[in-house]
Amino acid sequence: MAELPRLLEGLDPEQREAVTAPRGPVCVLAGAGTGKTRTITHRIAHLVERGLVVPQQVLAVTFTARAAGEMRTRLRALGAGGVQAQTFHAAAFRQLRYFWPRVLDGSVWPLTDNKFRLVMQAAHRLGMSTEKESVRDVIAEIEWAKASLVGPEQYSKVTTQLGRPTPVVADQLSKAFEVYEQLKNEARVLDFDDLLLHTAAILEDHPEVSEEFRSRYRSFVVDEYQDVNPLQQRVLDAWLGGRDDLTVVGDANQTIYSFAGAAPKWLIGFPRRFPEATVVRLERDYRSTPQVVSLANEVIDAAQGRPAGTRLRLVGQRADGPKPDFAEYDDEPAEAEAVAHRIAALAQQGVALSEIAVLFRVNAQSEVYEKALSDADIPYQVRGGERFFARNEVRQAMVSLRGAAARDDLSGEDLPANVRAVLSELGLTTRPPEGGAARERWQSLSALVELAEELAATVPEAGLARYVAELDMRAEAQHPPTVEGVTLASLHSAKGLEWDAVFLVGVVDGTLPIQHADGNDAAVEEERRLLYVGVTRAREHLTLSWALSRSAGGRRHRKRSRFVHSLVPEGHPAALPAQTARRSGSSGKSKADKPTCRLCGNRLVNTKDIKLGRCAECPSDADQELLAKLRAWRSQRARELQVPAYVVFTDATLLAIAEQRPGDSAALTAIPGVGATKLERFGAEVFELVSGE
Ligand code: ATP
Ligand code: MG
């Protein structure tokens, strides 16, 4: 009991009401950043601490693996680490593995790793198009049908009733759906939706299983409940089996999966379904500055057809921060490069890279940002850490580490060095490789070495065996190590998360809203909600940007998103119509100042080359001794300032200094990566090193 206040501290009266409500139905209906996730995690911890529920009897679910990871982290911090927080799918899969052998033969069928091929075979058999795009459309439609609890035999009727446009004639789709199911069953594999379907069916049809389940799980919590689909709701009902110990929280304005069958009607209808429920509404936004909150309110105020009761205005609670910024660029590479520069500047101001995110509408947008960040030597991670232990390189590493621990043949006491030695056989180099998959692989392996360092620091006597046990425990608890770096993520996967600085990129018509939403008002509204989700991820710094052409030198025919027209403040360069804005110089360089190689005179386009002032092919004329001195100085300064070395100067900037030996301020600031702040901070020391004094 003495601990009690700790869990109620830092909660406002409404949040506290939801946290302390007795076991039974509770519903929190509130906007982004108002503390819904905080409220449910505190509620769980509170119930556990008061002994009202055993951690193992609570099942908390949410919709994305990242959000589930975030929930687990928060629960652990509150001392309720024993509670399961998972996605619907992960929870169902776990249950299915346990139930399946009891009611069906053998063990659970594996998940298919090639749904595309199965659907393609079905399409081929029926003489339908097997083009990639068509197959993708058919897959998406089958997924919608399964999530909406519509089987092949009802598909045509239901879509006609709903007036739902179908990618191919409805009868054909229902046949393809049927053949797909057949092929899948013959191959004895499951798809993602089957995990939920089978779980619900087993619980519904086998009283002995459901009884056991009910004695095991007694309390349910659903975050982001606005995005529940009929299939998930059926699973939830099967879990509950008529009981009412259910806490749900959500925000109808953040419904972003209705294209896949989700609907906020269960959230909004919760108080009607459970008239005795404790219902709480929150409107204080604790996440974002008033500037970000005001933009978020503007975005969602423009929404059409909002359900009754969802017109809450968020009220920002934090201190003032910078105004959200808008920026327009000629092309995507220029946009990405500018974002990388801004990120470097934020890092220099002390914003941790793990507190910065670049969010986009479709995953294909990621690549140009990966390149720009690699060019600028800024580490990033494309996927969240949540699937860390499922990554190929990590699985390989675990096998090798386990082998090495069993052989016990590594001499030396130094655990991190031993781990590094094992992983170097898998290709772990001391320096990160350039961009792409190789870099991600490198980051995963490096994260494993860092974990070894962490363990060695806390348990000095730990050897490889202890380390491997630690990895197993973390894999089981889905507790990945943090991979330091900027997050690159889709808007969908960013739901529920928050960062100090957020860059919403590619905000052009055709991408946000996505092209295929055009002409469908409901689909356009969903795209607007996606933008709202994006805006509300930012605590402090928020930039929205777009590019007029996809590739460098391409035709600048794109337009900024219709959603941002009214948001850009008057007088802002990005507020002008596209062409004028370009000429008024919101970004980009005129031909005259296009950088050229100081050795061969060719034009430079690559960021690294521009920094060096020469092309990569031209030989480096760096003073090696000076370079070594600069490196040592940088390490020392980075240690003193407690920042990563590249925050002082990136490798490319350091090399450029060693090559160009700048003697005065003008020459030093001419090196990209050295602005006024760095000049003031480090200028004198650099000149000293260069002059050899
Ligand atoms: P979303 O709709 O985006 O999922 P949410 O409503 O779940 O948002 P949380 O993530 O729980 O919001 O909270 C947003 C931020 O505000 C978190 O950093 C949280 O710790 C903080 N916060 C919430 N409530 C309070 C409070 N009463 N006092 C201080 N900080 C709070
Ligand atoms: Mg949340």
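The model is predicted: local features need pLDDT of at least 70, side-chain atom pairs count only at pLDDT 80 or more, and totals for chains, interfaces and linings use all residues. Residues are numbered from 1 along each chain as its sequence is written, chains are lettered from A and ligands numbered from 1 in the order in which they are written, and side-chain values use heavy atoms, with hydrogens and water left out.

**Domains and annotations**

- The protein is divided into domain 1 (6-95 + 196-280), domain 2 (115-189), domain 3 (283-387 + 478-593) and domain 4 (607-691). These bounds come from an automatic or database domain assignment.
- UniProt, in an unreviewed entry, lists residues 9-289 as "domain: UvrD-like helicase ATP-binding". UniProt positions are given in the numbering used here, feature names are shortened, and annotations may be inferred rather than shown by experiment.
- That span, residues 9-289, is 53% helix and 11% strand, and its end C-alpha atoms lie 22 Å apart. Helices (H or I, at least four residues) and strands (E, at least two) are DSSP runs, numbered from the N terminus.
- The UniProt annotation "domain: HRDC", also from an unreviewed entry, covers residues 620-693.
- Residues 620-693 are 72% helix and 0% strand, with end C-alpha atoms 24 Å apart.

**Interface of domain 1 and domain 2**

- The C-alpha centres of domain 1 and domain 2 lie 32 Å apart.
- Eight residues of domain 1 are in contact with six residues of domain 2 (contact means heavy atoms within 4.5 Å).
- About 510 Å² is buried between domain 1 and domain 2, and carbon and sulfur atoms give 70% of that area. Buried area is the accessible area (1.4 Å probe) that two parts lose on being put together, summed over both.
- Leu197, Pro230 and Leu231 supply 52% of what domain 1 buries against domain 2, more than any other three residues.
- Helix α12 (residues 230-240) gives the largest share of the side of domain 1 that touches domain 2, with three residues.

**Salt bridges**

- The structure holds 41 salt bridges. Each is a side-chain nitrogen of Lys or Arg within 4 Å of a carboxyl oxygen of Asp or Glu.
- One of them joins the side chains of Lys146 and Glu181 (2.8 Å, N to O).
- Lys146 sits in helix α7 (residues 132-147) and Glu181 in helix α9 (residues 170-186), so the pair links distant parts of the chain, 35 residues apart.

**Backbone**

- A cis peptide bond joins Leu512 and Pro513, with omega about 0 degrees.
- Pro513 lies in the loop between β13 (499-504) and α22 (521-535).
- Leu149 has phi near 60 degrees, a positive value in a residue other than glycine.
- Leu149 is in the loop between α7 and α8 (152-162).
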